[in-house]
Amino acid sequence: MKLNVIKTAIIFVTFGLFTQGACADDFSKNNANDISINWADSFRLEAERKYYDAAKAIEIYTKSSPVNEFAIIRHGWLNYLMGNHNDSISDYQLALTINPNSLDSRLGLILPLLAQARWREATLHANKVLAVAPWQYYAHVRLMIAEEAQLQWNTLEKHASAVAERYPSDATVQVYLARAFASQAKKEAAISVYKKVLQMVPGHIEATRYLATAGK
Amino acid sequence: MLKNNCFDVWLFRTLLFYLLNAHAYAYEKQWYTNVSADVTHGLYKQSESLDTGSFTSLAIDLAYLERFGITLKITDAIITLKNNQPESRQNKFAFRVRKKSFIDKIYGSINYNLIYFQVSGKNADNVFAIAPEFNYLSNNQSILISAGYAYSEYSKNKISQIKVDQFNTSLGFSPFSSKLWINVKGYQTKNSLQTSNAISINLKWWPGPKARTLPTSYLIGSLLGTRRYAVEQDILLIYNTEDKQTNSYFVSATWNMMDNSYIVFTTGIENYISTPNGQRYNYSYVNFNISKTW
């Protein structure tokens, strides 16, 4: 009798262990599938400009435990694309509380700040990135946007000139340098830089217009 | 003496420490200070009593990023009178607190302002005014809508007192390009005796960079109609005269000297109707303003 009880218990436990293992295995497979489906969906929907649906597809991960930093950053990006700038700022700020060293999050945060014309706040975060990554391209370009908006032409000239030295084949930086020259009535310098822009981007509208107006 | 020396050394060390470290912490700059100095001098023509008017003011604005700020403006006004009458000297004080909210649904920001004015002085009315105002600015900075109210109290002595309500609203917009800005503002000022209405139309033009010595922008402005005891919330100015201001005009030119530094020259003419006798006179003035933001 005692033996039967032990046998039954062994069978039950063994069966239980097997079935539990099988379930766990199935669950992890399904979960992995779900994960890749969700993320693939999100990227596909973003490509189709369905930003709301793209954000919805990954929303569960933004509230998951342990926290999913990538999901929060991506949610911030999608909110930015939707024009939900305050939500985007909140997402990026949340990501920064999770990982204060994240340059990704700080660079992302600058975008909605620029969209809301918060030039000083954008400048603050761009400078924080540059304090640890002095020649980070996007931080420089976003800082140049803020400088241009605040009509800081002298600062922009010096800034764009230094960045252009590091990224000599980049047309965007050259355009900012040309704008800084043009806005300070430094016509010859502006013409010279806009000519460089036309080499990098033949037919560049702004450069073509400026040179046509300047009679070059 | 020793105490003073100690204080000097402490002040010197503090300033030196600040200057040496200012660049090190520049990337964490969150507070911005704007200092603006302003001088106006003008002549009253065809007035029986008023001769000259000189106004000197200093404004300091402290802002935390774009989120909120406070402004303090102090003006010393000297109005000389004809026929050897004693001059009127006034101290005008304005204090503003402001907060900005960014609202995605309306694609812009709402700026809330609360301004307190006080005027006191020799041979002048004692005035206080409180003026709440809010404005909407679109994110692309092409539309500005504002609405404001001002309550003012004028008292010569404890017996005579005038209470004035002002309602004002404005619309600013960029009609064709970012080179042009038009602002239309309506005022209604009323007290127990009368109501006056006025409209101001300002046009600002950025001609684009032609030469470094030329102004970066020009402003032409006019006031049509009449107003009395008006309050200008955006420039922290109170027109504390009992005479009615009527059709007035000004032009100004602005030079962007360096980044965040501006010089503005303005000249204009303000027409008035004297309250006691209905006599018309005007005030022709020149104004110089210099401002810098750190």
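Tyr116(B) stands opposite Ile130(B), a residue of S6(B). Strand S6 of chain B covers residues 126-138 and runs antiparallel to S5(B), with 12 bridges joining the two. Strands, like helices, are DSSP runs numbered from the N terminus: a strand is E with at least two residues, a helix is H or I with at least four. Two strands count as paired if DSSP finds at least two bridges between them. The model is predicted; local features need pLDDT of at least 70, side-chain atom pairs count only at pLDDT 80 or more, and totals for chains, interfaces and linings use all residues. Residues are numbered from 1 along each chain as its sequence is written, while chains are lettered from A and ligands numbered from 1 in the order in which they are written.

On to the neighbouring pairings. Strand S5 of chain B (residues 108-122) is also joined to strand S4 of chain B (residues 88-103), by 15 bridges and in antiparallel fashion. Within this pairing, Arg96(B) has Ile115(B) of S5(B) as its bridge partner, and Lys100(B) stands opposite Asn111(B) of S5(B). Four residues lie between the strands of this hairpin, and Tyr107(B) there takes a positive phi near 50°.

S4(B) is in turn joined by 12 bridges to strand S3 of chain B (residues 68-81), again antiparallel. Here Thr71(B) has Arg96(B) in S4(B) as its bridge partner, so Arg96(B) is bridged to Thr71(B) as well as to Ile115(B), and the side chains of a regular strand alternate between the two faces of the sheet. The hairpin of S3(B) and S4(B) has six residues between the strands, with Asn83(B) at a positive phi near 60°.Chain A is built from other elements: 12 helices and zero strands. Of its 216 residues, 35% count as buried, where buried means that 20 or more other C-beta atoms lie within 10 Å of a residue's own, exposed means 12 or fewer, and partly exposed is in between, with C-beta atoms placed from the backbone. Among contacts in chain A between residues at least 6 apart in sequence, 33% join residues at least 24 apart; a contact requires C-beta atoms, placed from the backbone, within 7 Å.

Helix H4 of chain A (residues 69-82) has 14 residues and reaches 20 Å from its first C-alpha to its last, close to the 20 Å expected at 1.5 Å a residue. That expected span is 1.5 Å times one less than the number of residues. H4(A) is mostly covered, with 10 of its 14 residues buried, including Ile72(A), His75(A), Trp77(A) and Tyr80(A). Just after H4(A) comes Gly83(A), at a positive phi of about 85°.

Tyr210(A) belongs to helix H12 of chain A (residues 205-213). Why does Tyr210(A) count as buried? Tyr210(A) does so because it has 23 C-beta neighbours inside 10 Å. Leaving aside residues up to four places away in sequence, Tyr210(A) touches Ala182(A), Ala190(A) and Tyr194(A). Ile191(A) is 19 residues from Tyr210(A) in sequence, and their C-alpha atoms are 7.7 Å apart.

Finally, the contact between the chains takes 24 residues from chain A and 20 residues from chain B. The side of chain B that touches chain A has seven nonpolar, six polar and seven charged residues. Here Ala, Val, Leu, Ile, Met, Phe, Trp, Tyr, Cys and Pro count as nonpolar, Asp, Glu, Lys and Arg as charged, and the others, Gly among them, as polar.

Conventions:
Contact = placed C-beta atoms within 7 Å.
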